[in-house]
Amino acid sequence: MRIGELAERTGTPRRMLRYYEEQGLLVSDRAANGYREYGEPCVDRVLQIRGLLDSGLPTRVIKQILPCLKEPRAIHVTDATPETMATLERERDWMTQRIECLLRSRGAISDYVEAVRVNQARGASGVSCDGAVQDAAVQDDAVQGAVSGRR
């Protein structure tokens, strides 16, 4: 199948499919006219890649664990090396830290929204940002810096 059909069947933009190929996550053959040709197993492979990306794994880790994935539509790593397991554990720990930071940020924003509502109900003209909201912004900046710096 050509890239357009693969894109349609997987809901993945053509540009992303080309990117997966550039990253070594997906392999295509070339027709005589130079068009990419994908085999049927590529549908499942793209769905695996998307699932792993959606779970927060970077492409460098996905490339490492793709050979370990045995079932086409399942994302279960079998026969993983100790290095792969260590990488997955680091990724899991990083995700946990990000989740905790996001929860703190959400709490700070919720507190701010509640303070605005209370003040509006009292007839106050406005609410200034308190430390919690500023803390949330600082936390978010720190997480974004960590995200951009780590991948």
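1. Gly-56 comes after helix H3, and its phi is positive, near 105 degrees. Helices (H or I, at least four residues) and strands (E, at least two) are DSSP runs, numbered from the N terminus. The model is predicted: local features need pLDDT of at least 70, side-chain atom pairs count only at pLDDT 80 or more, and totals for chains, interfaces and linings use all residues. Residues are numbered from 1 along each chain as its sequence is written, and side-chain values use heavy atoms, with hydrogens and water left out.

2. The protein chain holds 6 helices and 2 strands. Read from the N terminus, their order is α-α-β-β-α-α-α-α. Of its 151 residues, 29% count as buried. Buried means under 20% relative accessible area, exposed over 50%, and partly exposed in between (1.4 Å probe, protein chains only). A contact means heavy atoms within 4.5 Å. Among the chain's contacts between residues at least 6 apart in sequence, 53% join residues at least 24 apart.

3. What is the span of H3, end to end? Its end C-alpha atoms are 20 Å apart, which agrees with the 20 Å that its 14 residues should span at 1.5 Å a residue. The expected span is 1.5 Å times one less than the number of residues in the helix. The buried residues of H3 are Cys-42, Val-43, Asp-44, Val-46, Gln-48, Ile-49 and Leu-52. These buried residues pack against H1, H2 and H4. An α-helix has 3.6 residues a turn, so residues three or four places apart point the same way.

4. The largest nonpolar core has 21 residues, and Leu-6, Leu-17 and Leu-26 touch the most other members. Such a core is a set of buried Ala, Val, Leu, Ile, Met, Phe, Trp, Tyr and Cys residues joined through side-chain atoms within 4.5 Å. Two or more residues of this core come from each of helix H1 (3-10), helix H2 (14-22), helix H3 (41-54) and helix H4 (59-65). H3 gives the most, with 5 residues.

5. Leu-26 sits in the loop between H2 and strand E1 (29-30). Is Leu-26 buried or exposed? Leu-26 is buried, because its relative accessible area is 3%. Leaving aside neighbours within four places in sequence, its contacts are Leu-6, Leu-17, Tyr-20, Glu-21, Tyr-38, Cys-42, Arg-45 and Val-46. Leu-26 and Val-46 lie 20 residues apart in sequence, with 7.5 Å between their C-alpha atoms.

6. Two packed helices are described by the angle between their axes and the distance between the axes. The axes of H1 and H2 come within 9 Å and cross at roughly 105 degrees. H1 and H2 are therefore roughly perpendicular to each other. Axes are lines fitted to C-alpha atoms, for helices over the stretch in contact, and angles run from 0 to 180 degrees between N-to-C directions. Angles under 35 degrees count as roughly parallel, over 145 as roughly antiparallel, 65 to 115 as roughly perpendicular and the rest as oblique.

7. Helix H5 (residues 82-122) has 41 residues. Its first and last C-alpha atoms are 60 Å apart, close to the 60 Å expected at 1.5 Å a residue. Among its buried residues are Thr-84, Leu-88, Glu-91 and Trp-94. Just after H5, Gly-123 has a positive phi of about 90 degrees.

8. Leu-57 is in the loop between H3 and H4. Leu-57 counts as buried because its relative accessibility is 8%. Along the chain Leu-57 and Glu-91 are 34 residues apart, and their C-alpha atoms are separated by 7.0 Å.
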